[in-house]
Amino acid sequence: MTEATPTAAADMAAAGIFRVALGIEYKGSRYRGFQRQRAGVPSIQETLEKALSKVAGGAPVNLSCAGRTDALVHASAQVVHFDTPLDRPESSWVRGPNALLPRDIAIQWAKQVPAEFHC
């Protein structure tokens, strides 16, 4: 996702699209890195997106990430963001996915951010 321009930000707001930033941590021992891989290859991104999509009522969620990790690498305080038409309490974007995620991935915090924000 590219950085939002003032026009893009206004378009997002007019369309009722919200940008949510998440702070995540994970133990990467079972994954082939953060970035989504080919089918059948486990990644942090794919696992997070699936859990977030369920909380978003089945709507697809596409994460943007601040940095990536290699296979088997752990991370703490990594920041990601996504856009959604759902205006939910920030705590819902933490508790809901965490209930669905494996124990080696956790969302620590969620914050609705301006459309100009890019992790």
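**View 1. Aromatic pairs in the predicted model.** In this predicted model, the count of aromatic ring pairs comes to two. In one of them, the ring centres of Y26 and F34 are 6.5 Å apart and the planes meet at 35°, so the pair is classed as tilted. Y26 and F34 are both buried. In the pair formed by F82 and W93, the centres lie 5.1 Å apart and the planes stand at 75°, so this arrangement is edge-to-face. Because F82 belongs to strand β3 and W93 to helix α3 (residues 92-100), the pair ties together parts that are eleven residues apart in sequence.

**View 2. Strand β1 and the strands it pairs with.** Strand β1, which covers residues 18-26, is mostly covered, with seven of its nine residues buried. With strand β3 (residues 75-84), β1 pairs in the antiparallel sense over eight bridges, and within this pairing V20 stands opposite F82. Strand β4 (residues 105-113) also runs antiparallel to β1 and is joined to it by eight bridges; here A21 stands opposite K111 of β4. In a regular strand, side chains alternate between the two faces of the sheet.

**View 3. The backbone at A77.** Residue A77 is found in strand β3, and although A77 is not a glycine, its phi is positive, at about 60°. Most residues other than glycine have a negative phi. Is A77 buried or exposed? Its relative accessible area is 65%, which is over the 50% cut-off, so A77 counts as exposed.

**View 4. Helix α2, its ends and its cover.** Helix α2 spans residues 44-55, and at 1.5 Å a residue its twelve residues should span 16 Å; the C-alpha atoms at its ends are 17 Å apart, which agrees. At the start of α2, a side-chain oxygen of S43 reaches to within 3.1 Å of the backbone nitrogen of E46, while after the helix comes G57, whose phi is positive, near 70°. The buried residues of α2 are I44, Q45, L48, E49, A51, L52, S53 and V55. Which elements are included in what covers these buried residues? Strands β1, β3 and β4 are included, together with helix α3.

Key
Residues are numbered from 1 along each chain as its sequence is written. This is a predicted model: local features need pLDDT of at least 70, side-chain atom pairs count only at pLDDT 80 or more; totals for chains, interfaces and linings use all residues. Side-chain values use heavy atoms; hydrogens and water are left out. Buried means under 20% relative accessible area, exposed over 50%, partly exposed in between (1.4 Å probe, protein chains only). Helices (H or I, at least four residues) and strands (E, at least two) are DSSP runs, numbered from the N terminus. Two strands pair if DSSP finds at least two bridges between them. Rings of Phe, Tyr and Trp (its six-membered ring) pair if their centres lie within 6.5 Å; planes under 30 degrees apart count as stacked, over 60 as edge-to-face and the rest as tilted. The expected span of a helix is 1.5 Å times one less than its number of residues. Contact means heavy atoms within 4.5 Å. A polar contact is a pair of N or O atoms within 3.5 Å; within protein, one must be able to donate a hydrogen and the other to accept it, and residues adjacent in sequence count only if both atoms are side-chain atoms.
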